[in-house]
Amino acid sequence: MTHKVAFSFADGKTLFFPVQANEILLDAALRNGIRIPLDCREGVCGTCQGRCESGQYSQDYVDEDALSAQDLEQRKMLSCQTRVQSDAAFYFDFDSSLCHSAEPQRLAGVVSAVQQVSQSTAILHLDLGNDSPPLDFLPGQYARLKIPGSDSSRAYSFANRPGAQQPLQFLIRLLPDGVMSNYIRERCRVGDRVELEAPLGAFYLRQVSRPLLLVAGGTGLSALLAMLEQLVTQDCQQPVHLYYGVRHSRDLCELPRIQALGERLPAFRFTPVISDADPDWQGKRGYINEHFDSSELRDRDTDLYVCGPPPMVDSIRIWLQEQQLERVQLYYERFTESTI
Ligand SMILES: Cc1cc2nc3c(=O)[nH]c(=O)nc-3n(C[C@H](O)[C@H](O)[C@H](O)COP(=O)(O)OP(=O)(O)OC[C@H]3O[C@@H](n4cnc5c(N)ncnc54)[C@H](O)[C@@H]3O)c2cc1C
Ligand code: FES
């Protein structure tokens with residue numbers, strides 16, 4: 001038995017395709033040339049998520065990091081885990097062009113620099129050389145890096161814009177103990193060969209037609225630096241406000257780069273927020289959403305991009321729901337832990 005499925009997208013396009021009984025939706029979509037962004041295929045990363053608008057469906061496995069109980073109530077689903085039991089329609093909050101844009105490539109880069117830029121953060125520079133065409137990605141997307149000397153891979157958001165004439169950059173949080181963290185801290189050397197898969201993800205800078213609120217938690221700054229670079233390149237005239245939250249002021253990094261980018265935007269504001277601030281910290285304290293201007297967000301259309309650790313992203317999502325800020329369009333990337 002075959003069911004008819006419709007996928008509609010943020011740009012208003014709808015694509016139709018047949019799905020076999022008991023077939024995984026993602027497999028059917030890929031077979032029909034619709035490349036929904038994906039990463040883990042295991043119901044963990046949340047990259048392939050959409051929302052069911054009509055029809056009956058079931059999901060094999062949904063990790064709580066990928067979709068919350070509230071998401072499930074709202075009929076959000078993971079394409080890699082969903083099977084349909086009737087004709088059905090699904091909505092994806094990104095443009096249909098993403099399903100036809102650059103297919104993830106497997107590449108290898110060479111470490112050209114690794115710098116510790118704060119107590120808890122390093123920047124890895126990867127040079128792809130001139131042998132392959134430039135890697136095409138959208139600011140906000142990420143790459144999956146295979147950690148040299150291990151079988152493990154980890155996801156990292158690009159920290160510079162696509163097409164920049166420089167090595168790829170990744171902002172990497174140094175955990176006290178972690179496969180990538182230990183590699184960067186102890187063994188990473190200029191000249192190391194690093195395999196990667198990219199581009200991945202459905203978090204990316206949309207066409208800018210409204211004021212932007214960019215919110216980074218820790219190394220979530222990475223994706224937002226790529227977006228800021230893109231905004232400068234495209235001569236963005238909209239107001240841009242970047243909030244950057246970290247635990248301690250010694251965790252802040254890339255401040256001169258933020259300042260330099262901000263000076264090239266006509267209406268840029270920057271607010272660092274420290275959750276566990278020393279007494280001598282003069283700036284904002286606590287959690288980022290405590291410092292949002294809710295009356296401004298209520299009165300004007302805003303695109304809100306949030307990137308970083310799941311607790312920070314989730315607290316902002318809950319806050320938005322509580323405030324009922326209907327003129328805010330939210331896009332987010334949660335840095336879920338890896339299971340591989
Ligand atoms: C789409 C996506 C994009 C990402 N982009 C970035 C990025 O740009 N920069 C970045 O630094 N990270 C990013 N991450 C997270 C990154 O992939 C790794 O999970 C993280 O760097 C830890 O890797 P590790 O190998 O050092 O530690 P692991 O070996 O994975 O973990 C070691 C230990 O640390 C704990 N742990 C793992 N992750 C966290 C965490 N976030 N907070 C607290 N404890 C943790 C684990 O429970 C474990 O006990 C992203 C994740 C996703 C899904
Ligand atoms: S690709 Fe479906 S949840 Fe990761």
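Before anything else, a quick definition: I call a residue buried if 20 or more other C-beta atoms lie within 10 Å of its own, with C-beta atoms placed from the backbone. By that count, 39% of the 340 residues of the protein chain are buried. Please keep in mind, everyone, that this is a predicted model.

So, the overall picture. The protein chain holds seven helices and 19 strands. Its radius of gyration is 20 Å, close to the 20 Å that the globule rule gives for 340 residues, so the chain is as compact as a globular protein of that length. If you follow the C-alpha trace along its principal axes, it spans about 65 × 50 × 35 Å.

Now let me take you to one of the sheets. Five strands form an open sheet with mixed pairing, in the order β2-β1-β7-β3-β5. At the edges sit β2 (14-20) and β5 (76-78), each pairing on one side only. From one strand to the next, the twist averages 35 degrees. Look at β1 (residues 2-9) beside β7 (residues 88-92): these two run parallel and share five bridges. For one example, Val-5 has Ala-88 as its bridge partner in β7.

On to the ligand. Which residues are the closest to ligand 1? They are Arg-173, Gly-178, Met-180, Ser-181 and Thr-219, out of 25 that surround it. The elements giving two or more residues to this shell are β11 (153-157), β12 (168-173) and α3 (179-187).

Thanks, friends, and over to you!

Technical notes:
Residues numbered from 1 in each chain as written. Chains lettered and ligands numbered in written order. Predicted model: local features only at pLDDT ≥ 70, side-chain atom pairs only at ≥ 80, totals over all residues. Pairing = 2+ DSSP bridges. Helix = DSSP H or I, 4+ residues; strand = E, 2+ residues; numbered from the N terminus. Axes fitted to C-alpha atoms, helices over the stretch in contact; angles between N-to-C directions. Near = placed C-beta within 6 Å. Rg over C-alpha atoms; globule rule 2.2 N^0.38 Å. Buried ≥ 20, exposed ≤ 12 C-beta atoms within 10 Å, placed from the backbone.
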